[in-house]
Amino acid sequence: MEKKLKDGQKITIRKLRISDLDLFYNFLVNSPKARKFWRHPADYETASNYVNAQRYQIVATIKKKEVERILGFAAVTDQGGIGLAVTDEYQHRGIGTILMERLVEKAQKLKLEHLEFTVFKENTAVQFYSSLGCQICDETPDGHSYIMRLMVGKQNG
Ligand SMILES: CC(C)(COP(=O)(O)OP(=O)(O)OC[C@H]1O[C@@H](n2cnc3c(N)ncnc32)[C@H](O)[C@@H]1OP(=O)(O)O)[C@@H](O)C(=O)NCCC(=O)NCCS
């Protein structure tokens, strides 16, 4: 699926493939800011764990001079847990929102009632998720993170 960013650049949203190992490794290496809160080392083992994971995983990619690059990643588990990250250089251009919309569609297909995930309190992603209608419903026992929830059941609109 093709999407246009606010600045006119065209990106593709597609499933993450096992053959994306190098692209995903480069995504990790190029995203030190995003990894601070997403908590992953930039190594091949991490990249391999991601491309081989058995869950719904999508990426936002861009092609320049026939070279494809991963700009963003999102995943949802059958239980409604999510993962989301956009590479540093491409944050604040709407990619996170586009990826979240796809996760919501997938969650609805899985007949989930809500997505539920933890976010470190000092992570500005709290504002991002809130702007999309997610609500803080609790905090983790250590007090470091919020537990956030987004209702996705069709009955919720
Ligand atoms: C959270 C994250 C995925 C958002 O992706 P993004 O592509 O930058 O988000 P968008 O451009 O779609 O933002 C949409 C809206 O969310 C809000 N928002 C996004 N980032 C924000 C921030 N840092 N502070 C405050 N509001 C923010 C804004 O309202 C924004 O709209 P605007 O750009 O018109 O003002 C990205 O910042 C990221 O990868 N962070 C590091 C990894 C991470 O924390 N993941 C979540 C772990 S639970």
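Visitor: OK. Is glutamate 66 buried or exposed?
Guide: Glutamate 66 has 5 other C-beta atoms within 10 Å, so it is exposed.

Visitor: Where does glutamate 66 lie?
Guide: Glutamate 66 is in the loop between β3 and β4. Its phi is positive, near 70°, and it is a residue other than glycine. In the turn of that hairpin, which has two residues between the strands, lysine 65 also has a positive phi, about 50°.

Visitor: How many bridges pair β3 with β4?
Guide: Nine, in the antiparallel sense. As an example, tyrosine 56 has valine 76 of β4 as its bridge partner.

Visitor: And what does β4 do on its other pairing, with β5?
Guide: β4 and β5 run antiparallel and are joined by five bridges. Glycine 72 is bridged to valine 86 in β5. The hairpin of β4 and β5 has five residues between the strands, and glycine 80 there takes a positive phi near 95°.

Visitor: Is β4 mostly covered or mostly open?
Guide: Mostly covered: of the ten residues in β4 (67-76), seven are buried.

Visitor: Back to positive phi. What about lysine 111?
Guide: Lysine 111 is not a glycine either, yet its phi is positive, about 60°. It sits in the loop between α4 and β6. With 9 other C-beta atoms within 10 Å, lysine 111 is exposed, because the cut-off is 12 or fewer.

Visitor: Now the inside. How many residues does the largest nonpolar core have?
Guide: The core has 39 residues. Those with the most contacts inside it are Ala74, Ile82, Ile95, Leu99, Leu103 and Leu115.

Visitor: Pick leucine 115. What is it in contact with?
Guide: Leaving aside neighbours within four places in sequence, leucine 115 is in contact with Val76, Gly80, Ile82, Leu103, Ala107, Arg149, Leu150 and Val152.

Visitor: And leucine 21, where is that found?
Guide: Leucine 21 is in helix α1, residues 21-29.

Visitor: What does leucine 21 touch?
Guide: Ala47, Ser48 and Val51, not counting residues up to four places away in sequence. Leucine 21 and valine 51 are 30 residues apart in sequence, while their C-alpha atoms are 6.3 Å apart in space.

Visitor: Last topic. Where is confidence lowest and where is it highest?
Guide: Confidence is lowest in α2, at a mean pLDDT of 90, and highest in strand β2, at 98. Over the chain the mean pLDDT is 95, with 97% of the residues at 70 or more. As a general rule, where pLDDT is low, predicted coordinates should not be read in detail.

Notes: Residues numbered from 1 in each chain as written. Predicted model: local features only at pLDDT ≥ 70, side-chain atom pairs only at ≥ 80, totals over all residues. pLDDT = per-residue confidence, 0-100. Helix = DSSP H or I, 4+ residues; strand = E, 2+ residues; numbered from the N terminus. Buried ≥ 20, exposed ≤ 12 C-beta atoms within 10 Å, placed from the backbone. Pairing = 2+ DSSP bridges. Core = buried A, V, L, I, M, F, W, Y, C linked by C-beta atoms within 7 Å. Contact = placed C-beta atoms within 7 Å.
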